[in-house]
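Here are my notes after a look through the model. Have it open while you read.

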Amino acid sequence: MHPAFSVILFTTASGAGYGLLLWFALCSLAAPDWIDRPLALTTLLFGLALVSAGLGSSTLHLGRPERAWRALSQWRTSWLSREGVAAIAAYVPAGLLALAWIVWPRPGGVAILPALLMIPAALATTYCTAMIYASLKTVRQWRNRFTVPNYYALGLFTGALLFAAILRLFGRETVAVDIAVLVVGAATLALKLAYWRSIEGRGASTAESATGLGGFGTVRLFEAPHTEENYLMREMGFSIARKHAAKLRRLCLAALFGAPLLLTLIALLAGGWIAGFAAVLAVISAGAGVLVERWLFFAEATHVVTLFYGARAA
Amino acid sequence: MTCLPAPFPGQKKLGLVIDLDTCVGCHACAVNCKEWNASGHSGPLSDFEAKSDGVWFNRVHTYEAGEGEASRTVHFPRSCLHCEEPACVTVCPTGASYKRAEDGIVLVNADTCIGCKLCSWACPYGAREFDEDDGVMKKCTLCVDKIYNENLPEEDRQPACVATCPASARHFGDLGDPNSKVSKLVAERGGYDLMPEMGYKPVNKYLPPRPKKTGASCGSKASEEFSLIDLAERRAAKDEIAVKTGAEPTLAKADGKGAAFLRWADRVLSR
């Protein structure tokens with residue numbers, strides 16, 4: 001599948017944004033003492049900016065962005081529509097949280113209900129994003145039991161890294177958050193490796209089932225319908241050479257997991273300004289890494305329509 | 001509405017039956033389809049240009065199947081199958097894609113389509129092509145503006161691809177009616193579904209090539225498989241040759257969106 005930058009940015013930025021908002025909500029419920037007004041407003045601003053950038057970026061993928069509002073109507077059947085509705089609904093608790101912190105220096109009990117609502121809102125929106133892909137039977141690398149867990153894990157991991165960095169920059173020594181980063185990071189790495197293992201092999205559809213000519217034997221494309229690439233080949237037939245995929249996977253492992261986890265460990269042990277510096281570096285590295293991860297999520301996905309165009313497996 | 005219409009007994013299921021035995025692979029269906037639809041319900045249809053891939057609702061592939069004497073060369077027209085349970089409709093976030101309850105035709109409302117392309121991802125048959133010029137998705141309409149057109153003589157009220165086929169390899173009718181000509185043809189000739197494992201229940205059926213008459217001896221052992229898909233690999237291979245022969249690499253010639261980035265990425269990753 002063609003990796004469109006707008007969609008890569010949409011899924012990674014909103015994933016990290018909802019992750020950050022979720023961690024903030026959890027923290028404001030469990031450890032309200034860590035949070036003061038500047039920290040709360042910075043975190044909420046960052047989270048809202050990320051989810052808004054993601055949502056804005058997703059409209060750039062549209063042929064008719066001015067009609068984007070129409071996408072909110074078909075939530076009964078369409079995961080894309082549900083994603084839009086959930087994303088807009090999630091602005092309510094996030095906005096109320098921000099409002100509470102703007103009005104009161106310590107909102108206390110007022111912030112509890114929006115924080116409680118923020119958690120399911122973030123989880124629901126991320127679920128819908130993942131299901132846009134996980135619901136497509138035509139792409140076996142997406143209709144995969146690890147797709148939803150991967151989207152959750154990556155959103156929570158990148159959100160946690162951001163939250164840890166913000167806490168550090170505000171001078172908080174938060175061992176619990178650093179440990180959470182390490183635990184979530186390790187779990188995310190395990191899920192990503194499991195996902196990559198699970199997409200090995202072939203799907204159920206073949207050139208034989210696509211054409212129904214399997215009774216004669218192996219089916220091969222003898223002549224293509226057109227001499228130039230068409231939309232289908234460009235959009236669905238994008239393929240990445242295996243040697244490149246292997247290199248990009250290693251790059252992803254280093255940038256998204258290796259460096260951020262090591263830097264978090266350094267922050268945890270060193271403390272002080274080194275910790276702040278390490279935490280920011282971890283965010284930058286993971287940001288680049290998650291873009292590579294999402295690029296691969298598209299580039300390594302094969303669509304069954306390619307079977308009509310001579311692909312041996314999809 | 002992207003909810004599928006509730007099925008009811010005696011429901012009309014308009015569709016095509018394509019005879020792979022008689023199709024001669026002349027592409028007349030594709031051309032006449034383009035001609036009619038460039039000015040009809042979905043018109044104008046973009047053509048191949050520097051910025052556009054060109055939208056066609058019919059594509060005619062040719063396949064080789066089997067080896068040696070038993071092998072067959074089969075011309076294979078591919079268009080929308082107007083599925084009974086089309087995922088392209090249910091994934092649509094706007095309701096622009098819909099399946100008509102009265103005859104089962106799957107259509108796109110170009111006035112409300114936002115061009116998110118998700119329907120084309122959901123379709124296993126490649127029935128939908130994105131119109132770069134209009135920014136919306138286009139697909140076969142089963143010539144909805146022709147088959148019901150009372151300004152046309154009755155015999156002309158059939159899809160353009162069917163009307164033009166010189167080999168009469170395409171048949172149009174109601175596949176929901178077991179006594180229709182097309183349903184009888186399907187029953188007689190063992191018409192089948194493409195990719196039945198997807199579960200979308202295509203309405204269009206394909207008639208398999210008839211068994212070969214005995215005594216004929218033809219066919220070649222195909223040793224080379226060729227894929228148009230593995231473009232990255234092919235380009236990389238070409239570039240390797242280009243480096244050896246001193247010719248300009250293909251990637252260096254590519255232009256358009258992101259080509260410079262891809263060239264850079266290819267260089268970096270090839271190190």
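Which side chain meets Lys13(B) in a salt bridge? Point 2 has the partner.

1. Ground rules. This is a predicted model, so local features need pLDDT of at least 70 and side-chain atom pairs count only at pLDDT 80 or more, while totals for chains, interfaces and linings use all residues. Residues are numbered from 1 along each chain as its sequence is written, chains are lettered from A and ligands numbered from 1 in the order in which they are written, and side-chain values use heavy atoms, with hydrogens and water left out.

2. The Lys13(B) pair. The partner is Glu84(B), at 3.4 Å, N to O; a salt bridge here is a side-chain nitrogen of Lys or Arg within 4 Å of a carboxyl oxygen of Asp or Glu. Lys13(B) sits in the segment before β1 (14-19) and Glu84(B) in the loop between β3 (72-78) and α2 (87-90), so the bridge ties together parts 71 residues apart in sequence. Helices (H or I, at least four residues) and strands (E, at least two) are DSSP runs, numbered from the N terminus. Both ends are partly exposed: Lys13(B) at 24% relative accessibility, Glu84(B) at 30%. The cut-offs are under 20% for buried, over 50% for exposed and in between for partly exposed (1.4 Å probe, protein chains only).

3. A buried pair. Glu129(B) and Arg59(B) meet at 2.7 Å, N to O, in another salt bridge. Glu129(B) belongs to strand β6 (residues 128-131) and Arg59(B) to strand β2 (residues 59-65), so parts 70 residues apart in sequence are tied together. Glu129(B) is buried at 1% relative accessibility, and Arg59(B) is buried at 7%.

4. A link from Glu85(B). Lys201(B) forms a salt bridge with Glu85(B), with the closest N and O atoms 3.1 Å apart. Lys201(B) is in the loop between α6 (181-189) and β9 (205-207), Glu85(B) in the loop between β3 and α2, 116 residues apart.

5. The interface. Chain B and chain A bury about 6,400 Å² between them, 61% of it on carbon and sulfur atoms; buried area is the accessible area (1.4 Å probe) that two parts lose on being put together, summed over both. The contact (heavy atoms within 4.5 Å) takes 76 residues from chain B and 69 from chain A. Two salt bridges are counted between the chains, and Glu67(B) with Arg220(A) meet in a salt bridge at 3.2 Å, N to O.

6. His244(A). This residue of helix α9 is buried, with a relative accessible area of 8%. Leaving aside neighbours within four places in sequence, His244(A) contacts Asp266(B), Leu269(B) and Ser270(B).
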